[in-house]
Amino acid sequence: MNDEYFMRIALKEAMKAMEAGEVPIGAIVVIGEQIIARGSNMVEKLQDTTAHAEMIALTSAFNSLGAKYLPEATVYITVEPCLMCAGAMYWSKISGIVWGADDEKNGFARVTGMNSPFHPKASVRKGVLADECSELMKAFFKARR
């Protein structure tokens, strides 16, 4: 199991979001080789602008572990996290953040100028299955126009 394996699972979560009419972003939280939480965008369903895939997955992970920190976990997200989600990851003390496609419009880098908003001990990897993640987003927005 590697980053691509887990990103493919996050992509399945993104597909669930797309099928529900949500922006197709998916996230999973992994400890070791075990998926402990999953999330997909639920902004429209919940009428909650904070119901991003990452927030759903993090909340599920906290509940699953009965803990407020995730120092041994890695989150896999199909698209670069926004500043809100990056902040939540910072406070969770998550040890790894992996994403697929960059988000030039709404990603944290747009606001921070590429300065990392993540915990200093966190490992960050980007560009995993970037083409597949990006194509899903493009297909969603093309269908909406």
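Which residue in β3 does Val29 stand opposite? Val29 faces Val75 of that strand. Please keep in mind throughout that this is a predicted model.

1. **The β1 and β3 pairing.** Strand β1 covers residues 26-31 and strand β3 covers residues 73-79, and the two run antiparallel, joined over five bridges.

2. **The β3 and β4 pairing.** On to the next pair: β3 and β4 are parallel, again over five bridges. Here Thr74 is the residue that stands opposite Gly96 in β4. As for burial, β4 is mostly covered, with six of its six residues buried.

3. **The sheet as a whole.** The five strands form an open sheet in the order β2-β1-β3-β4-β5, and the pairing is mixed. The edges are taken by β2 (34-40) and β5 (123-126); each has a single partner strand, so one side of each has no neighbour in the sheet. Leaving direction aside, neighbouring strands are turned by 15° against each other on average.

4. **Helices on the sheet.** Helix α1, residues 3-19, packs on the sheet and touches β1, β2, β3, β4 (96-101) and β5. Its direction makes about 140° with that of β1. Helix α6, residues 130-144, also packs on the sheet, where it touches β3 and β4, and its direction makes about 60° with that of β4.

5. **The α1 and α6 contact.** A pair of packed helices is described by the angle and the distance between the two axes. For α1 and α6, the axes come within 11 Å and cross at roughly 5°. The crossing angle therefore makes α1 roughly parallel to α6. On the α1 side the contact is made by Met7, Arg8, Leu11, Ala14, Met15 and Met18, and on the α6 side by Glu132, Cys133, Leu136, Ala139 and Phe140.

6. **Two backbone angles to look at.** Most residues other than glycine have a negative phi. Gln47 has a positive phi of about 50° although it is not a glycine, and Leu129 also has a positive value, near 55°. Where do these residues lie? Gln47 sits in the loop between α2 (43-46) and α3 (53-65), while Leu129 belongs to the loop between β5 and α6.

7. **Buried or exposed?** For Gln47 the relative accessibility is 66%, so this residue counts as exposed. Leu129 has a relative accessible area of 8%; that is under the 20% cut-off, so Leu129 is buried.

8. **Overall layout.** In total the chain has six helices and five strands. Along the sequence they follow the pattern α-β-β-α-α-β-α-β-α-β-α. Of the contacts between residues at least 6 apart in sequence, 59% join residues at least 24 apart.

9. **Size and surface.** Buried residues account for 44% of the 145 residues. The accessible surface is about 7800 Å², and 52% of this area belongs to carbon and sulfur atoms.

Conventions:
Residues are numbered from 1 along each chain as its sequence is written. This is a predicted model: local features need pLDDT of at least 70, side-chain atom pairs count only at pLDDT 80 or more; totals for chains, interfaces and linings use all residues. Side-chain values use heavy atoms; hydrogens and water are left out. Two strands pair if DSSP finds at least two bridges between them. Helices (H or I, at least four residues) and strands (E, at least two) are DSSP runs, numbered from the N terminus. Axes are lines fitted to C-alpha atoms, for helices over the stretch in contact, and angles run from 0 to 180 degrees between N-to-C directions. Contact means heavy atoms within 4.5 Å. Buried means under 20% relative accessible area, exposed over 50%, partly exposed in between (1.4 Å probe, protein chains only). Accessible areas come from the Shrake-Rupley method with a 1.4 Å probe; for residues, only the protein chains shown count as cover. Angles under 35 degrees count as roughly parallel, over 145 as roughly antiparallel, 65 to 115 as roughly perpendicular and the rest as oblique.
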